[in-house]
Amino acid sequence: MMTQWKVTVAQVVRRGILAGRAAGQADYPKIEKAAKAAAEDDGRIMLDLTGVEVLSSSYFDAAIWPLWSLVPELYPALVKVPQTAIDDIEIILRANSAAVWSFKKDGDRSPHLLGAMDSTLKTTLGRVIDVGELTAGDLVDVDRSIGMTAWSNRLAALHQLRLVRRRKDGRRLIYVPAWKE
Amino acid sequence: MDAIDVLENVLVARGPSGIRTPLHATAASSLAGLSEFASVRRSWWLQHREDLVRVLPAAQATLERLCSPEEGLVHPFANDHGEIHDVPRVDAGWEPGDPFMRFQERFKTALVRASAPSTFAFMVLGAFNEMASNAAEHSKAPVTSVASYEVIDGRWSFSVTDVGCGLLRSLQLNPSYTALADEASAVRLAIQDGVSSTGKPSRGFGFTKVFKVLVDRACSIRFRSAGAAATWSGTSPTASQLTITVSPPRCGFHIQVAGAL
């Protein structure tokens, strides 16, 4: 896994106590700018939480979560999430029925999911990960009990959560895991 | 009840039970009390200037003497509504540049020097930030909030005080809570997880951060919103354990959190 597509959040905002919505709103433009500048061509960017001593749910909601929810074609992942911050991050992810990729350390090749996701989306994501690259049509071939439109919607929902990336191939949309290698 | 009664009711509640401590002496006994006093003063100055002129000179001298650069009261954030510069306020100790961040740095340093583990110091600062941010976002006050910290004699405390709309009017912005009728109910509700004026499921977890800091620790909490106060003293408080009482009405919200090191 490449590590240069990385932004160390505490360095960007120049402090380790990340709490309070007002502070988060003030910091978001800096974090977004740094993330866009450092992102790989395909939109992947790692948000390294090294040096974060406190991360509150309101700060995460205001300063970090918008990278997933507001910035098109950016595929963020968290790195080195402090143990004390996990509950706060999950409050926001649960409120948005969302999950994010998270790496435990630099060089980690097996990211895990933080947050909560609908079970059908989880199943669909599992199939994308297993195959590595697929279209809605490929999923219909595997499981005909679900129609093409439903598979397309599920893949689109995963893309909206930035858990998978996609590219066009003619009229087809091909999905790949955003981070799973 | 005039402004003097309000001030005394607020401040006597902070002193030893049943003892009517002189106004300025009580305010001088803790910076958090001072912060609350400052809010009363600012709040009532706006509305009842004439009444306060009679009592302020003595307390004013105490306030200004206590606000040294190292233990100053600061404004956490500029308020959306700007500042009213002709209203006197306690601002000794503010530093140029980024005063709120320097204030926090001093708070953290004081905690660590008093042998608090750095992880605990960061948690306290996190909770403090949440409360300061709440004041900035929700108070709708015409002037900025004030904050204080104190680390002394094996104890620490912080406070944040605004002179804004209070919890009841803030929560009533949420369509689910428009029927809330009194400030005591609003206090009881507001400190629960997930309750906010916005109604968004991701909001309303600021007080959670405060309660987390206090798990397994001897501590005391005081919330004061308009006409209600909530207090608690002991170990590991929870929102449901706070004692809520009706208090003399005034503007704004005040939180004081104190604990043993």
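Which residues in α6(A) meet which residues in α8(A)? In this predicted model, A:T120, A:L121, A:T124 and A:L125 are the residues of α6(A), and their partners in α8(A) are A:R154, A:L155, A:A157 and A:L158. Sorted by class, the residues of this contact comprise 5 nonpolar, 2 polar and 1 charged. The helices themselves span residues 119-131 for α6 and residues 148-160 for α8 of chain A, and they pack at an angle of about 90° with their axes 10 Å apart. Because angles of 65 to 115 degrees count as roughly perpendicular, α6(A) is described as roughly perpendicular to α8(A).

A:D118 is found in the loop that runs between β7 (112-115) and α6 of chain A. Is A:D118 buried or partly exposed? It counts as partly exposed because it has 14 C-beta neighbours inside 10 Å, whereas a buried residue would need 20 or more. Between A:D118 and A:A156 there are 38 residues along the chain, and their C-alpha atoms are separated by 14 Å.

Where they touch, 8 residues of domain 1 of chain A are in contact with 4 residues of domain 2 of chain A. On the side of domain 1 that touches domain 2, at least two residues are supplied by each of β5 (75-79) and β6 (99-103) of chain A. That side has 6 nonpolar, 1 polar and 1 charged residues.

The contact between them involves 16 residues of chain A and 17 residues of chain B. On the side of chain A, two or more residues come from each of α2 (21-38), α3 (57-64) and α5 (86-95). The residues of that side divide into 8 nonpolar, 5 polar and 3 charged. Of these helices, α3(A) deserves a separate word: 8 of its 8 residues are buried, and the helix is thus mostly covered. Its buried residues include A:Y59, A:F60 and A:I64, together with A:D61.

Turning to chain B, one finds 10 helices and 6 strands. This chain has 261 residues, and buried residues make up 48% of them. Among the contacts in chain B with a separation of 6 or more, 64% are accounted for by residues 24 or more positions apart.

From chain A, the core draws at least three residues from each of domain 1 (6-115) and domain 2 (119-177). The surroundings of B:V187 can be followed residue by residue. Leaving aside neighbours within four places in sequence, B:V187 is in contact with B:L167, B:F223, B:S225, B:A228, B:A230 and B:I244.

Definitions and conventions. Residues numbered from 1 in each chain as written. Chains lettered and ligands numbered in written order. Predicted model: local features only at pLDDT ≥ 70, side-chain atom pairs only at ≥ 80, totals over all residues. Contact = placed C-beta atoms within 7 Å. Helix = DSSP H or I, 4+ residues; strand = E, 2+ residues; numbered from the N terminus. Nonpolar A, V, L, I, M, F, W, Y, C, P; charged D, E, K, R; others polar. Domains from an automatic or database assignment. Axes fitted to C-alpha atoms, helices over the stretch in contact; angles between N-to-C directions. Parallel < 35°, antiparallel > 145°, perpendicular 65-115°, else oblique. Buried ≥ 20, exposed ≤ 12 C-beta atoms within 10 Å, placed from the backbone.
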